[in-house]
Amino acid sequence: MRKISFGQMVIILFLSRIFYTMTFIPFMYSDVTCQIIGFSICTAIECLAVIPMIVLYKKHPDKNICQVIYEKSKLLGILTCVVFALAAVLVINRLFRYFGYFVYATFPDFLPTWLVIGAVAAVSFYAAFQGIEAIARSAGITFAFFGLSFIIVILALLGKMSFSNVIYDYPKFDDILHEIYYELSKFSELLLFPILYPYVKEKAGKSVYGALALKLIFVYVITTVCVLTLGSFLNISKFPFFDLGTYAETFIIERLDAFLLPAWILVAFIKTSLLLLVGKIALSTGFKRVKSNVFLLVLTVAAYAVSLPSVLQEKWNIDVLDKTVITIFLIVLGVLLPLVFCFGKGDENEAE
Amino acid sequence: MEQKTVVKVNENNYETALISKSLKQALLDLKIISGKTMDLNIMEVEISEHKCAVVSIEGMASTSAMAELIYRPLMEFRVKGYATEDDVFKFLTKQSLLSAERKILTTYGEVFLTLFSGFAVVFIDGCDKCVAYGIQGFDKRSIEEPTSDGNLNGAHEGFIETIRTNISLIRRRLKTPKLRFDMQQIGSDSKTDVCVAYITDKAPQGVIDKVKENLNKINLDTIITTGYVEPFLQGKHKSLFSNVLSTDRPDAFCAKLNEGRVGILVDGVPLALICPSLFIENFQTIDDYVNKPFYTTYIRWIKYIAFFLAIALPGLCVAIATNHPEILTHKFLMNLAASEEVTPYSFFFEAVIITIMYELMREAGIRLPKAIGGAVSIVGALIIGDAAVSSSLVSAPLLIVIGLTATASFVIPNLNPQTSIFRMLFILAGGFAGLFGITLCFAFMLINISALENYGVPYNAPISPFTFRAMRDVVTRPSFLKLGRSKTIVEDLNGAKKI
């Protein structure tokens, strides 16, 4: 059962989170100071929010949350499985829309957005079909590629950073609250970890904190680099992270965002395949008679079909769905359910 | 027991049928089973006035060895009075050393297997057993330099088609009793000798058992090449890459056995298979361990770059030139535009055509005799290439790109089939979808490689899952002072799993 290592789990969780970070941090409509404060507070909240999940993992290291609930109540178990699959589809839907927006905003005459998303869905289906080990190994290489691209861009920007670009603003409480709320809605570890932890060989609980720490470091670095390099340009930049690449110029190639774009697409595909896998595992737990790959196909088609109308109508942000609904799903599935079921007797072979 | 011999023996039931006591009947059975094949030689002789027969297959046994080692001692054997079958059998099995290899056979199945392996079989009238002597004398190729995996400083011996010669080449390099060769016959008709080689305290028992189990699953009539065996060793993963390495070098084979791998030799094929194998091993050659570590490290990185160029360079060029020209520097872009202006087709279409032409020339060069093969490259490179540029059918930069790609692919010959396929996929993806397509294609390749695992070892180990100790031999080439202190064997590469 246990197939992936602690390091691979950290990388999986980290990559699944930085998809949004690469696109929208620092967020153009908010002040950077507010973001940093909001982000730090949000990470502290996240550290607390994962505690029930970790307690549940320590009690049932070989069973995912759906299995734990299914064994206690079949009906509730099936319901949880379906809700997990639904949440996975919703998060993929958001990812597809954000991805579509990026393609639309950066390459308007490039390819039809529905085709771009369809291609990502197809490759992610193939990855999820190959299983958690294949995704984890691919994630390791993606992480290395992403890190290398990021370092190259930063090195190219070293001469262009200046402290004169820093504009300090007094943080507003409302903005900070908004940041916290916005960040929490992207906390997809809450969806991935309770389903994937039985696949981790050791220290699964610590992997969440590892991913959070890594994310925090990355956000601090990227925000600092963005502020020092782009300055007030941040206020009009749609994708500050990619604008860093555009701004970085070498004698070999004009724009280094060519390095960042593949890294980001790879991250998107890793995240999508993980979510598809989570949905597949959840549904297979609830409906044991149906072949798991049937669920995978259904989930992929469903996620694509749900995203298609928004993509065709160019509705990239659906605030109620993206923030409120998904946040509720994440809190219920990743915090409340583990909190309820972490009490009581655990399995004999407790973890760590 | 006797009942079995009463049943008429034929080509369908001979394998377990016992040898007839009557020499006449036994020889008749041999003729019936073999359908009186012309290469079955039966020489009836009297050994000390007792009727016997020496049977062999023409061309498989050495005639001089047969005369010297079999006929002469048999003719010189004398007992007082009339020799019984027991006297002759005792002489053949206990009182003489007619050959280094001797087997006592009881069934026709064993008789034919040994006959077709180059043995001479002595039948004795009145005896239900016969004696086989190894006097193989079939023509075989002498040991030559390996053709597919050339090197400068290593040994210049390569495997040949004869399995026993190959075994001796390995044994000569690994003089340890822990080196084991387990032979078995595979192929219901060909009965090909397939040998599993391993070092007992280095290869994991799980891998050895699994390899043997996989070989036993082969239910083919014939085994002509290693390609017949390879799919059974690879497992169920459908990947474009192969996790079974093949080599024609005994030194490379021994090095892998020393790392805990299991080797498979197939009779009639000058190649050996090694499993499990890693993606990264396609970049390692025996010369790496002869040259200085700093030079090898440098060359290794050249090979990694060569792999990247071989699969992605034309695709990237197409993607950038067609969909993302803003990435290029101004001067580069102007030069490219100037050279493209005179050509009738798009950069993308030109790239597809030139790549197909290159594959065509390469295939022609391989299939044709060596002398003409060289001429093909002259025709391709000089005449067609030069004519295409001067007539403005193809732009010169594209020809440089394809030329560079072709040269890069020669650096890693083991991955040639994969690079050919992915090169075309990258060109198509780059042409239709730019860098986005290239990245998705790369993601597909990544998953394809990552999903591959055999015998508990991931194909892309030690990169992912990351194994620090083994990574030293990927990023650099550690000196033997360090390699000797801490060797990496196959069990260290399997990430979170136990083999």
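**A tour from the chain B sheet to the cores**

Begin in this predicted model by selecting B:Leu40, whose bridge partner in strand 2 of chain B is B:Ile57. Extending the selection to strand 1 and strand 2 (residues 50-57) of chain B shows an antiparallel pair held over eight bridges.

Next, select the whole sheet, which is open and has five strands of chain B in the order 1-2-4-5-3, with antiparallel pairing. At its edges stand strand 1 (40-47) and strand 3 (102-105) of chain B, and each has a single partner strand, so one side of each is left without a neighbour in the sheet. On average, and ignoring direction, neighbouring strands of this sheet are turned by 25° against each other.

Move on to the contact between the chains, to which chain A gives 29 residues and chain B gives 28 residues. On the chain A side, helix 1 (6-24), helix 6 (113-130), helix 7 (132-157) and helix 12 (257-286) each supply at least two residues. That side of chain A divides into 17 nonpolar, six polar and six charged residues.

Finally, turn to the largest nonpolar core, with 211 residues, in which A:Phe84, A:Ala88, A:Val267 and A:Val278 touch the most other members. Helix 12 of chain A gives the largest share of this core, 20 residues. Centre on A:Val278 and, beyond its neighbours within four places in sequence, look for its contacts, among them A:Phe84, A:Ala88 and A:Leu191. A second, separate core of 39 residues includes B:Val9, B:Leu30, B:Ala61 and B:Phe123.

Technical notes: Residues are numbered from 1 along each chain as its sequence is written. Chains are lettered from A and ligands numbered from 1 in the order in which they are written. This is a predicted model: local features need pLDDT of at least 70, side-chain atom pairs count only at pLDDT 80 or more; totals for chains, interfaces and linings use all residues. Two residues are in contact if their C-beta atoms, placed from the backbone, lie within 7 Å. Helices (H or I, at least four residues) and strands (E, at least two) are DSSP runs, numbered from the N terminus. Ala, Val, Leu, Ile, Met, Phe, Trp, Tyr, Cys and Pro count as nonpolar, Asp, Glu, Lys and Arg as charged, and the others, Gly among them, as polar. Two strands pair if DSSP finds at least two bridges between them. Axes are lines fitted to C-alpha atoms, for helices over the stretch in contact, and angles run from 0 to 180 degrees between N-to-C directions. A nonpolar core is a set of buried Ala, Val, Leu, Ile, Met, Phe, Trp, Tyr and Cys residues joined through C-beta atoms within 7 Å. A residue is buried if 20 or more other C-beta atoms lie within 10 Å of its own, exposed if 12 or fewer, and partly exposed in between; C-beta atoms are placed from the backbone.
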